[in-house]
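Here is a short note for a colleague who is opening this structure for the first time. Please keep the model on screen and follow the numbered points in order.

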Amino acid sequence: MTKEPKNTFGMIGLGTMGSNLLQNIADHGYKCAGYDISADKVAALNKLNPESIQGFTDMNDFIDSLSSPKVVMLLVPAGKIVDGVIEELIEVLDNGDIIIDGGNSHFTDTDRRYLDLENKGYHFIGMGVSGGEEGARRGPSMMPGGDKKAYGIVKPILDKIAAQVNGDPTVAYMGERSAGHFVKMVHNGIEYAIMQLISETYEVLKNGLHLKHDAIHAIFEKWNEGRLQSYLIEITRDIFAYKKRGTDHLLLEAIKDEAKSKGTGKWTSQAAMDLNLPVPIIDIAVSMRDLSKYKDLRTTASRMYPDSEEIHYHNKNDEHISKLEQAFYFAMVSAYAQGMHLLYRANEEYHYQLNLDVIAKIWRGGCIIRSEFLEDIYTAYKKDSKLKHLFLDAAIHQNLVESIPGIRTVVSEAARNGIAVPAYAAALGYFDNFRSEEMPANLIQAQRDYFGSHTYELKGKEGSFHTDWEAGN
């Protein structure tokens, strides 16, 4: 009697992402197993592709169905649940088996788990996965880090299920320990920033230029055919055309203006602050999501502080829309640049051995922040792997210079008319300070020394100095 061939890949967590990823793997010729404590989810999985996918509610049966070395991927909520599942797994796995955490785990947790499992004889990969439900099903971007030997074993599967750009899979080994989850965290921070910029663009178009939704749809449609082409611009275009069947208004108009989050944007800001590196567009994007949740306070304040006069833009609409395209390009570049600079700095601090050109390369397809501009980022780092900041690349420098009039016009006109564009303003403020050989930080140092004797340094002199400021000249 011929023994039934075992499954090559196991998945724990059969939500939409886990189920879709298993179907993707099965589509590429691999036999798979899925485990979940929900009998309904397992039953639904077993109906999808019974020839190639098996679902289990019993952990031992699930593990026994896998060939060795066993490869088990987790797609469960970050935090204690991941630790609980890993504890359960090591009771039934053998030394040398591979555990992949494919959720949005905090990178410090991944570092801890990597070292713990390595000491116990297991291989561990922390892997960021981007692309949402459709990406999981048709081809995500994946950012694995950790055990390089284990990555070599699963690489053929990951290469096949990833999105493909110019014949290249959008997956690559990121680096040591928690590198994969750190890269995914920064990806999500950039995502926060660009989404905030798009929402502010909507605000300017709707309440500044008083455009109707069909006109806004046409603008995003045009932008998506040019240098702003990206997944986020594309879906925004579609949102401005979507009406539920039987209604005469956009679904967008019925959605509450309270933005939720799962924490990865906040983690990016925290990590950047720990490394003393500024990412102000990401910071403000996180803050604005938080502010959006205080709906009652905002409603009260809107009555206390109404617009003092009718909003009126100096520019004609067509002219301002052109400036707005420039401004969005400028701020988008800055958002990516801040994220890449954070990766550069993290590489120095945490010794991940990241390759920034490879990261840009795998972000070109499958992920939420895929865009035309990522080709420019890839080219910049491919040309100079030690490039410290994207603003220093010659081609990007030229495009930024040409876009400066747009960002200055958009920020100043918005401020004059009482329209909030904090992410645009952060992009401009970051740039103007970045290009300043002399920042006013000398005054801050003088103040710190005055009230706290924190000392200061002097130009052209070694050492630290303190002044008794109250003693006078």
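1. Start at strand β5. Its residue Asp101 is the bridge partner of Leu74. The model is predicted, so local features are taken only where pLDDT is at least 70. The strands behind this bridge are β4, residues 71-74, and β5; they pair in the parallel sense. Their pairing runs over 4 bridges.

2. Now look at the side chains of β5, which spans residues 98-101. Which way do they point? Ile98 and Ile100 face one way, while Ile99 and Asp101 face the other way. Are they buried or exposed? All of them are buried, Asp101 included.

3. The other pairing of β5 to check is with β6, residues 123-130. This pairing is also in the parallel sense, over 4 bridges. Here Ile100 has Ile125 of β6 as its bridge partner. To get from β5 to β6, the chain passes through helix α5, residues 107-119, and the β-α-β crossover is right-handed. β4, helix α4 (residues 80-89) and β5 make a right-handed β-α-β unit.

4. Ser68 and Pro69 are joined by a cis peptide bond, with omega about -5°. Pro69 sits in the loop between α3 (59-64) and β4. As background, most peptide bonds are trans.

5. Next, backbone angles. Most residues other than glycine have a negative phi. Which residues depart from this? One of them is Gln353, with a positive phi of about 65°. Gln353 is placed in the loop between α14 and α15. Its relative accessible area is 56%, so Gln353 counts as exposed, the cut-off being over 50%. Ser453 also has a positive phi, of about 50°, and is not a glycine. Ser453 is found in the segment after α19 (441-452). At 44% relative accessible area, Ser453 is partly exposed.

6. Move to the pockets. How much space lies in the largest pocket? About 2000 Å³. Its lining has 45 residues, and those nearest the centre are Ser199, Tyr202, Asp257, Ala259 and Ser292. Elements that give two or more residues to this lining are α8 (179-208), α10 (231-239), α12 (280-292) and α13 (295-304). Helix α8 gives the most, with 11 residues. By type, the lining has 22 nonpolar, 10 polar and 13 charged residues.

7. The second largest pocket holds about 1100 Å³ of space. It is lined by 41 residues, with Met17, Pro77, Gly103, Asn104 and Lys262 closest to its centre. At least two lining residues each come from α1 (16-27), α4, β6, α6 (132-138), α8 and α11 (264-274). Which element supplies the largest share? Helix α8 does, with 6 residues. The lining divides into 17 nonpolar, 15 polar and 9 charged residues.

8. How many cavities of 30 Å³ or more does a search of the whole structure find? The search finds 1. About 40 Å³ of space lies in the largest cavity. Its lining consists of Ile194, Ser230, Leu232, Phe328, Met332, Tyr336, Ile368, Ile369, Arg370 and Ser371. Helix α14, residues 317-350, gives the most to this lining, with 3 residues. The lining residues are 7 nonpolar, 2 polar and 1 charged.

9. Finish at Glu372. This residue lies in the loop between α15 (356-362) and α16 (373-383). Is Glu372 buried or partly exposed? Glu372 is partly exposed, because its relative accessible area is 41%, and that class lies between 20% and 50%. Which residues does Glu372 touch, leaving aside neighbours within four places in sequence? It is in contact with Arg227 and Gln229. For a sense of distance, take Lys6. Glu372 and Lys6 are 366 residues apart in sequence. In space they are 42 Å apart, C-alpha to C-alpha.

Notes: Residues numbered from 1 in each chain as written. Predicted model: local features only at pLDDT ≥ 70, side-chain atom pairs only at ≥ 80, totals over all residues. Heavy atoms only, no water. Buried < 20%, exposed > 50% of the residue type's maximum accessible area, 1.4 Å probe, protein only. Pairing = 2+ DSSP bridges. Right-handed = clockwise from strand over helix to strand, strands pointing away. 1 Å grid on protein atoms, 1.4 Å probe; cavity = no way out; pocket = protein on both sides within 12 Å on 5 of 7 lines; lining within 4 Å. Points joined across faces, edges and corners; volume = space filled by probe spheres on them. Nonpolar A, V, L, I, M, F, W, Y, C, P; charged D, E, K, R; others polar. Contact = heavy atoms within 4.5 Å.
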